[in-house]
Amino acid sequence: MTVLVTGGAGYIGSHTLVQLLEDNQQVVVIDNLSNASVESLVRVENITGKQITFYQGDVLNKALLQKIFTDHDINAVIHFAGLKAVGESVQQPLRYYENNVTGTLSLCEVMAQFDVKNLVFSSSATVYGDPASLPITEDFPTSATNPYGQSKLMVEHILNDLYRADNSWNIAVLRYFNPVGAHPSGLIGEDPNDIPNNLMPFIAQVAVGKRPSLNVWGNDYDTHDGTGVRDYIHVVDLANGHLKALQKIATKPGLVTYNLGTGNGYSVLDMVQAFEKACGKTLPYTFEPRRAGDIAACYANPSKANAELGWYASHSIDDMTKSTWHWQSNNPNGYNSQ
């Protein structure tokens, strides 16, 4: 099978490429490198001993997409390409809607043109908004508290309408919780281009001395220690979920939606303490006011993915923090370290 991976040079994309290549799939990658490095693809090739066909460009560029589909016999698409920072989305909503929504429209139009109707879509647990209860199952009401989540939810609505209009599509919508960790080789990991928007790379950069301290946004939430609780999932488990989703859409299930999370909630301070254990250092942090668009707690019920995909998250919080430290300590400046 030949799989087009949009945003394949990014954090989750690169780890999924490893899984695809180790499963003997052919991969073609398109990435505009706005928050990624081509070095990640070089390292994926080093890990797997296999080659990647790479196009630098944007899914908004329909002519480039048409060239890719003309030059390669694409069987399925895994669609990661998207902007993903909650805070930034509040400040730049139009940019997020253009990139995440219009980019997906562009991709789906070209897929339909070439009669490629197998899609795995990278969605997010943010589509649940501020959930009324926990853990979250796939049939919970959806809403969004910020433009990033709203853009993911809009795409989900578009894909539902697309399938309703043409049920020859097979679409797996994967609602991620909070991806963390790195490949066990330490060669690939999370490497944000600017100040990290996510907790784990920020903690890691404090631990490696790149940043003086961690800002903890809010310590007055209704949680066990006042800090926000999230379902952190190891990126290798998450990548494996995409392989399972590809296998699922090969059975022609129509449109299916799955939570990819562990079912466990950890607070910001839980993660800091686990990271201190992994790196053997005390990490300084300061409490700051809550961020706009953040919620107190969010964690999954992953039983549907367990039952229907045969997928389970197997990595512990210690695996997550140790692998992140292994990556960051070997690559203090990310992909620019060597």
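**Cavities and a helix pair**

Tutor: By class, 7 nonpolar, 4 polar and 1 charged residues line the largest cavity. Ala, Val, Leu, Ile, Met, Phe, Trp, Tyr, Cys and Pro count as nonpolar, Asp, Glu, Lys and Arg as charged, and the others, Gly among them, as polar. This is a predicted model, where local features need pLDDT of at least 70, side-chain atom pairs count only at pLDDT 80 or more, and totals for chains, interfaces and linings use all residues. Residues are numbered from 1 along each chain as its sequence is written, and side-chain values use heavy atoms, with hydrogens and water left out.

Student: What counts as a cavity?

Tutor: On a 1 Å grid over the protein atoms alone, a cavity is a set of points where a 1.4 Å probe fits but cannot get out, and lining residues have an atom within 4 Å of a point.

Student: Which residues line the largest cavity?

Tutor: Among them are Tyr11, Val180, Glu190, Met200 and Trp327. The elements giving two or more residues to that lining are α7 (199-207) and α11 (317-330).

Student: And which residues line the second largest cavity?

Tutor: Its lining includes Glu190, Asp191, Lys210 and Trp327. By class, that lining has 2 nonpolar, 5 polar and 3 charged residues.

Student: New topic! At what angle do α1 and α8 pack?

Tutor: Helix α1 (residues 11-22) and helix α8 (residues 235-249) pack at about 60 degrees, their axes 8 Å apart. They are therefore oblique to each other; angles under 35 degrees count as roughly parallel, over 145 as roughly antiparallel, 65 to 115 as roughly perpendicular and the rest as oblique.

Definitions and conventions:
Axes fitted to C-alpha atoms, helices over the stretch in contact; angles between N-to-C directions. Helix = DSSP H or I, 4+ residues; strand = E, 2+ residues; numbered from the N terminus. 1 Å grid on protein atoms, 1.4 Å probe; cavity = no way out; pocket = protein on both sides within 12 Å on 5 of 7 lines; lining within 4 Å.
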